Amino acid sequence: MMEPVGEAVREEAAERIEISFPALPDLVVLARFAAATVAARAGFDIEEIEDLRLAVDELFVSLGPMAIDGCMRMVLERSDDTVSIVGSFEGFAPRGFRTEEKGQDETWEKAAELSELLLDSLVDEHGRETRDGPPTAWLRKRRTLAK
Amino acid sequence: MLDQPISQASQSYEGLPVLVVKGEIDLAVAPSLRQGLTELLDAGHSSIVVDLIEASFLDSIALGVLVGALEQCRAAGGDLHLLVTEPRILRVLEITGLLTTFSVHGSRDELSSQDTRDAPADRLREVSPQ
């Protein structure tokens, strides 16, 4: 589960999209929109698209609080029947995002456990990579008919 | 102009304060949700209704806020009631094992048919996802 999306997937990808945007909570909707668009192009049905919208949201939640001046980076790859997404924060700073807000830490702790449960259910594979560079999370979801 | 995603109803329902939540409830909206719930708890309400009938999306951050409020309500001898009809949100509750932990109702009528003043004794425990 810790293995990042590898070169094998990349070579097969019919489409590769990279986007980045400021790490602001109200811009996470852009990640959901991008995921839904790529899923639709891969032939996912509406339920699968909705699963992926939630999963990509959870992908960024799983990375923890965002850095105030950081940047969210997202790479989406589509093959015939699979969508792979890698998300990361550049300028990641643990506990660096609105920690002054009452209840913030407790909420993130609860969310981390819930997020893991959701990702387990919504996608075929997912994981996190923390070795080189900023923390990175990835997921892979195949179209149902392709399974 | 877009509707505010969080609004507190000017009147309570069956004596309980109602927090109405609309649209996509994610980490952008979660702070407002937490603030609304905190204000009600600080005002002395131990039981609260969160109306999610017009909500279409709920992520783990928002769910974490609701779990935190549920724990506080039950510690005070009350409960947090969710009004939910959206299948996507019901599925999120089911996946996380929280569908039976929360008091979930399909409508205000359904809520009023139950005793909403006190939490069942077997639910007065620390809330955690399964």
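A residue counts as buried when its relative accessible area is under 20%, as exposed when over 50%, and as partly exposed in between. The exercises below apply this to a predicted model.

**Exercise 1. Classify A:Arg53: is this residue buried or exposed?**

Step 1. Take the relative accessible area of A:Arg53, which is 13%.
Step 2. Compare with the cut-off: buried means under 20%.
Step 3. A:Arg53 is therefore buried.

**Exercise 2. Find the salt-bridge partners of A:Arg53 in chain A and in chain B.**

Step 1. Start within chain A. The side chains of A:Arg53 and A:Glu50 form a salt bridge, with N to O at 3.1 Å.
Step 2. Move to chain B. A:Arg53 also forms a salt bridge with B:Glu24, at 2.5 Å from N to O.
Step 3. Check the cover on the partner. B:Glu24 has a relative accessible area of 26%, so it is partly exposed.
Step 4. Salt bridges with shared partners link A:Arg32, A:Glu50, A:Arg53, A:Asp57, B:Glu24 and B:Asp26 in one network.

**Exercise 3. Explain which parts of chain A the salt bridge between A:Glu15 and A:Arg41 ties together.**

Step 1. Read the distance. The closest N and O atoms of A:Glu15 and A:Arg41 are 2.4 Å apart.
Step 2. Locate the ends. A:Glu15 is in strand E1 (residues 15-22) and A:Arg41 is in helix H2 (residues 28-41), so the bridge ties parts of chain A that are 26 residues apart in sequence.
Step 3. Classify each end. A:Glu15, at 18% relative accessible area, is buried. A:Arg41, at 49%, counts as partly exposed.
Step 4. Recall the general point. Side chains of opposite charge can pair when their charged atoms come close.

**Exercise 4. Describe the interface between chain B and chain A.**

Step 1. Count residues. In contact are 27 residues of chain B and 30 residues of chain A.
Step 2. Take the area. The two chains bury about 2300 Å² between them, with 60% of it on carbon and sulfur atoms.
Step 3. Find the main contributors on the chain B side. B:Leu27, B:Arg34 and B:Arg88 lose the most area to chain A, together 26% of what that side buries.
Step 4. Count the charged pairs. Seven salt bridges run between chain B and chain A. One of the salt bridges joins B:Arg88 to A:Glu47, at 2.9 Å from N to O.
Step 5. Assign the elements. H1, strand E5 (55-58), helix H2 (60-75) and helix H3 (87-95) of chain B each supply at least two residues of the side touching chain A. The largest share, eight residues, comes from H2(B).

**Exercise 5. Characterise helix H1 of chain B.**

Step 1. List buried positions. Among them are B:Leu33, B:Arg34, B:Gly36 and B:Leu37.
Step 2. Look past the end. B:Gly44 follows H1(B) and has a positive phi, near 100°.

**Exercise 6. Summarise the fold of chain A.**

Step 1. Count elements: chain A has four helices and five strands.
Step 2. Order them along the sequence: α-β-α-α-β-β-α-β-β.

Notes:
Residues numbered from 1 in each chain as written. Chains lettered and ligands numbered in written order. Predicted model: local features only at pLDDT ≥ 70, side-chain atom pairs only at ≥ 80, totals over all residues. Heavy atoms only, no water. Expected span 1.5 Å × (residues − 1). Buried < 20%, exposed > 50% of the residue type's maximum accessible area, 1.4 Å probe, protein only. Contact = heavy atoms within 4.5 Å. Buried area = accessible area lost by both parts, 1.4 Å probe. Salt bridge = Lys/Arg side-chain N within 4 Å of Asp/Glu carboxyl O.
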